[in-house]
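Student: I have a new structure to look at, and I would like to learn how to read it. Could you walk me through it step by step?

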Amino acid sequence: MKALTILGIETSCDETAAAVVRVDDGGPRVLSDIVLGQAARHAPYKGIVPEIAARAHVESLDAVIAVAMRDAGLKYAELDGVAATAGPGLIGGVMVGLQAGKAIALAHGKPLIGVNHLEGHALSPRLADGGASFPYLLLLVSGGHCQFIAVMDVGVYRRLGSTVDDALGEAFDKLAKLLDLGFPGGPLVEQAARNGDSKRFALPKPMLGREDCDFSFAGLKTACAREAARLGALTAQDKADLCASFQATVVAIVADRTRNAMRAFDPIYGAKGRLVAAGGVAANQAIRACLEGLAGGRGYYFIAPPLKWCTDNAAMIALAGAERLRLGFSDDLSFPARPRWPLDEKSARLRPSHRPGRKGAKA
Ligand code: KG4
Ligand code: ZN
């Protein structure tokens with residue numbers, strides 16, 4: 001196989017990222033990987049402000065790309081293509097990154113690949129040593145997404161289940177906002193939960209016991225708000241107990257849904273399967289431990305990409321671009337930025353109000 005060297009650009013949320021990945025017979029090699037976070041700019045608002053995110057991408061993307069190229073030790077002429085996230089995501093940010101990708105592709109006569117951000121996450125485990133061979137069952141849990149995907153091959157994805165309301169990371173972020181813990185909320189809730197009593201609050205577990213593997217977190221969020229309102233002024237211990245109870249409830253929900261997802265995946269694969277966790281929430285140790293235990297109990301291998309590739313990054317976009325280019329796909333310069341772009345376009349909507357592939361409803 002001819003080696004393909006691809007510049008990847010990621011700007012769909014609050015990370016400005018660029019990376020260079022080379023794919024050859026030995027698998028993918030990450031030559032550079034730059035991620036510039038914007039958390040400090042959004043923290044005063046306790047959530048992501050799309051306009052601030054887009055402006056921050058405009059300010060820093062050129063420099064981030066220049067550093068990624070310098071770290072890789074390459075000139076643009078040495079690239080085989082430019083891959084940019086074209087959605088789903090906050091549309092202002094997506095447009096900034098996609099335009100930059102188009103400009104570089106045009107100026108240097110390189111193919112452009114418009115990448116679905118979800119495809120980046122779906123393929124991200126393959127960046128790690130040894131990679132993950134197809135097919136595998138992916139649990140993608142981030143601030144904007146919460147779904148099970150059967151990853152069959154590059155470009156062949158089947159959504160098995162999805163959230164009908166909030167994404168899991170969004171639920172963590174909203175609890176952190178309610179308790180005034182800071183932003184982004186996930187790591188802060190996890191930290192607070194360490195000192196809390198997970199049995200103090202009995203919280204609802206929506207969807208539990210259903211045969212499918214969909215999620216719903218809106219009721220859980222409302223129940224937390226109700227408990228907080230009932231207590232009035234919250235002590236640090238109240239907050240820790242609420243975080244611990246919330247996290248334990250989430251773990252129970254994820255466990256129940258994952259059991260069903262593995263049951264749905266078994267006939268697809270027909271032998272020892274692989275379970276992969278990706279997305280920012282996959283950084284949560286309690287959730288990781290639960291998934292690892294479940295996988296082991298069912299004879300599945302559990303694969304969690306290194307944390308830097310769980311959260312948003314451009315290496316996964318470059319890899320997805322390389323894989324697509326290898327299959328002969330590239331896009332012309334009119335390729336649009338898409339706020340919504342489900343990975344599995346054929347999957348029916350779960351409810352009329354459900355918008356698959358929607359991202360960026362965090363704030
Ligand atoms: O994948 P990601 O970086 O961006 C999106 O595509 O959304 O995920 C960010 C999300 C945020 O909602 C953040 O609160 C959550 O992942 N997160 C966590 C943890 N670390 C990050 N949630 C729970 N526990 C964590 N340790
Ligand atoms: Zn993401």
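Tutor: Gladly, and we begin with strand pairing: two strands pair if DSSP finds at least two bridges between them. Helices (H or I, at least four residues) and strands (E, at least two) are themselves DSSP runs, numbered from the N terminus. Here strand β1 (residues 4-10) and strand β2 (residues 15-24) pair in the antiparallel sense over seven bridges. Within that pair, L7 stands opposite V20 in β2.

Student: Before we go on, what kind of model is this, and how are things numbered?

Tutor: This is a predicted model, in which local features need pLDDT of at least 70 and side-chain atom pairs count only at pLDDT 80 or more, while totals for chains, interfaces and linings use all residues. Residues are numbered from 1 along each chain as its sequence is written, chains are lettered from A and ligands numbered from 1 in the order in which they are written, and side-chain values use heavy atoms, with hydrogens and water left out.

Student: In what order do the strands of the sheet with β1 and β2 stand?

Tutor: The order is β3-β2-β1-β4-β5, an open sheet of five strands with mixed pairing. Its edge strands are β3 (27-37) and β5 (112-116), each pairing on one side only. From one strand to the next, the twist averages 20°; axes are lines fitted to C-alpha atoms, for helices over the stretch in contact, and angles run from 0 to 180 degrees between N-to-C directions.

Student: Which helices pack on this sheet?

Tutor: Contact means heavy atoms within 4.5 Å. Helix α2 (residues 50-72) packs on the sheet by touching β1, β2 and β3, and its direction makes about 30° with that of β2. Helix α11 (residues 315-326) also packs on the sheet, where it touches β1, β2, β3, β4 (81-87) and β5, with a direction about 135° from that of β1.

Student: How do I judge whether α11 is covered or open?

Tutor: Look at relative accessible area: buried means under 20%, exposed over 50%, and partly exposed in between (1.4 Å probe, protein chains only). By that reading α11 is mostly covered, with 11 of its 12 residues buried. Among them are M316, I317, L319 and L325. Just after α11, G328 takes a positive phi of about 95°.

Student: What is the strand order in the sheet that contains β6?

Tutor: That open sheet has five strands in the order β8-β7-β6-β9-β10, again with mixed pairing. β8 (156-162) and β10 (301-303) each have a single partner strand, so one side of each is left without a neighbour in the sheet. The twist here averages 25° from one strand to the next. Helix α9 (residues 285-297) packs on this sheet, touching β6, β9 (274-278) and β10, and its direction makes about 155° with that of β10. Inside the sheet, β6 (residues 136-141) and β7 (residues 146-153) run antiparallel and are joined by six bridges. L137 has A150 as its bridge partner in β7.

Student: Now the metal. Which residues coordinate the zinc ion (ligand 2)?

Tutor: Donors are N, O and S atoms within 2.8 Å of the metal (3.2 Å for Na, K and Ca), and water is not among the atoms, so sites may look incomplete. The zinc ion (ligand 2) is coordinated by H117 (NE2), H121 (NE2) and D312 (OD), at 2.1 to 2.2 Å. H117 and H121 both lie in helix α4 (residues 117-123), four residues apart, about one turn of the helix. H117 is buried, at a relative accessible area of 0%, and H121 is buried at 0% too.

Student: Why is the site of the zinc ion (ligand 2) irregular?

Tutor: Four donors count as tetrahedral if all angles lie between 85 and 135 degrees; four count as square planar and six as octahedral if opposite donors are over 155 degrees apart and all others between 65 and 115; anything else is irregular. The four donor atoms here make angles of 92 to 139°, so the site is irregular.

Student: Where are the cis peptide bonds?

Tutor: One joins F134 and P135, with omega about -10°, and P135 lies in the loop between α4 and β6. Another cis peptide bond joins F183 and P184, where omega is about -10°. P184 sits in the loop between α5 (168-178) and α6 (185-193).
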